[in-house]
Amino acid sequence: MIDYAIDYATIYANKIVNGEIIACQKVKQACKRHLRDLERSKDPDFSYEYRIDKANKPIKFMEMLPDVSTGKKMQLALFQKFIVGSLYGWVDKINGYRRYNKAYISMARKNGKSVLIAGIALYELIYGEYPQFDRQIYATANSKDQAGQVFKMVAAQLKKIRSISPAIRKLTKVVRNEIRYDEANSILKPLSRDTDNLDGLNVLLGILDEYHTSNDTSMMEVLESSQSQQKQPLIIIISTAGFKLNAPMYTQEYPYITKILTGEEVNENYFAICYEQEDETEINDETLWIKSNPILEADELKEIMLKNLRKKLAEARAKDELHGTLVKNFNMWQSASTESFLNGNEWKVCNVENVPNLYGRDVYIGVDLSRTNDLSAITWIVPIKDKFFIDSHSFVGTKGGLDTKIKRDKIDYRQLAQQGYCTITTKESGIIDYQDIIDFINQLVEKYNFTVKGIMYDPYTSPPFITELEEKYPLIEVRQGAKTLSPATRDFQLKVYDKQVIHNNNPLLTIAVNNAVLKKVNDTVQINKEIARNKIDPIAAGINAWTQAMFHQEDTVDWNSFYHDPNNISF
């Protein structure tokens, strides 16, 4: 029985912060944020306050919902009460509207995500405070099938309530693709990007289920653009991690909520909590599984959940298919293929916020110019003591139209060009201007006063203009066979694993790394250029450069002192 006097969210936050419940860093940060804001709310200048009655009202409703399998009322776990309480308990001091208009909620599968989706959606449909009428709730997903599954789950929950509550049965109607609450002229419907008509929406609540499958932000944009006249809109991203490392959930939302939780970014209206394993080695210690499986806090579910996780993990290890288990059962982002060049997490941890001082250093420059009417790239590697800094610049062809290319590649080249990561050709033909590439290399070398150790290129596919650089820099041919590329590919991987490669999160280079898949022949490997060819050019150029950079030796001997020291002179 819910007690309106008990502050469940704050109880949970304290249990996490004091270590009573084991949690990952992001969950600790979310709980510290809640506790910190409780103190801030005492300041008249802080716009928000936490209302326990507001927090507990939806919690009470959700604990009245019957389990669709047993028909018994469900008891929310404390972590679920923290999430619901945070979304509804934090309100504007002046008007009482919800503080949060966006939420990011992520955890491993089978941790009560369905209860949260159904409960929040039905609560807003039936008991939502603002607006009084025309509350539009949409259960959205990347496809009609997935959106339909979300809707069926909510509808099944409602049907159970209707079977035991005459009042709810009277107020609601369930039709094939719509749930209606006629008294308030409100609806709950499934919505996907391939829905016929997305115009004219006035969304109060949009739930983005399994957002990790989305290739772009189009559904998010539809929801957000429709909420301009809502006084307390809410969009909820509720999803596990996934395999699409170039998807917006991983490239945009995940880094952003990370910054919110660390305090690097301030967004008072974005709630974020992410239950995840922080290292693959943690799966060897089942006491740490609660980091990604918060339902393990509930004693009545703990043993059966642990039993299932043990079984999943043992089976994955026996089949050597740990990849999917890390994503689904431990909420860790992984590359789409076990043959991926690099794991996204391994590349991510090599990111440095500040570019090191590059001036006056040696540089190895790799070029990939094999498709000059589409995308080409140069990538440079700068040795710095025991590290190698890598960065890249791309050149974008527009044959067939830039808009078409942006839509096909799902990359906003215009924005990236404005940010300095690429150069879009200005030729009417749409073919990349060779002079742009030459000019960029010259300007790069001049800017940092680099000593160019070599420009590494594929002699088979590079156009004749490459020889124009020979007058100023040493050109080194890099044959594209396994004999040349396999050692460099393997060595680069190892250096990334050892965090000896560092980068500043160049988006096009990161996209290329995430897309790169290995081609294995006997004991050799190299990046498969036949897959996602137009998105891997920056890392292909990087491997060309690495064929020489991998042999770099820092000259630590002071030869001036050596020759002036009489002890070093012998005849």
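**Salt bridges and a helix**

Both Lys113 and Asp209 are buried, in what is a predicted model.

Q: What makes Lys113 and Asp209 a salt bridge?
A: Their side chains meet at 2.9 Å, N to O. The cut-off is within 4 Å, so the pair qualifies. Lys113 sits in helix H5 (residues 113-127) and Asp209 in strand S8 (residues 203-209), so this one links distant parts of the chain, 96 residues apart.

Q: Why is the contact between Glu224 and Lys102 called a salt bridge?
A: The closest N and O atoms are 3.4 Å apart, and the rule asks for within 4 Å, so the name holds.

Q: What does the pair of Glu224 and Lys102 tie together?
A: Glu224 belongs to helix H8 (residues 218-225) and Lys102 to strand S3 (residues 102-106), so parts that are 122 residues apart in sequence are tied together.

Q: Is Lys102 buried or exposed, and how do you know?
A: Lys102 has 12% relative accessibility. Buried means under 20%, so Lys102 counts as buried.

Q: And why is Glu224 described as partly exposed?
A: Its relative accessible area is 39%. That value falls between the 20% and 50% limits, so Glu224 gets the in-between label.

Q: How many salt bridges does the rule give?
A: The count comes to 24. Asp37, Arg40, Arg99 and Glu268 are linked in a network of them.

Q: How do you know that the span of H10 agrees with what its residues should give?
A: H10 has 20 residues, which at 1.5 Å a residue should span 28 Å. Its end C-alpha atoms are 29 Å apart, so the two agree.

Q: Which residues of H10 are buried, and what covers them?
A: They are Met305, Leu306, Leu309, Leu313 and Ala316. The cover includes helix H11 (322-328).

Q: What is the phi of Asp320, which follows H10?
A: The phi of Asp320 is positive, near 55°.

Note on methods:
Residues numbered from 1 in each chain as written. Predicted model: local features only at pLDDT ≥ 70, side-chain atom pairs only at ≥ 80, totals over all residues. Heavy atoms only, no water. Helix = DSSP H or I, 4+ residues; strand = E, 2+ residues; numbered from the N terminus. Buried < 20%, exposed > 50% of the residue type's maximum accessible area, 1.4 Å probe, protein only. Expected span 1.5 Å × (residues − 1). Contact = heavy atoms within 4.5 Å.
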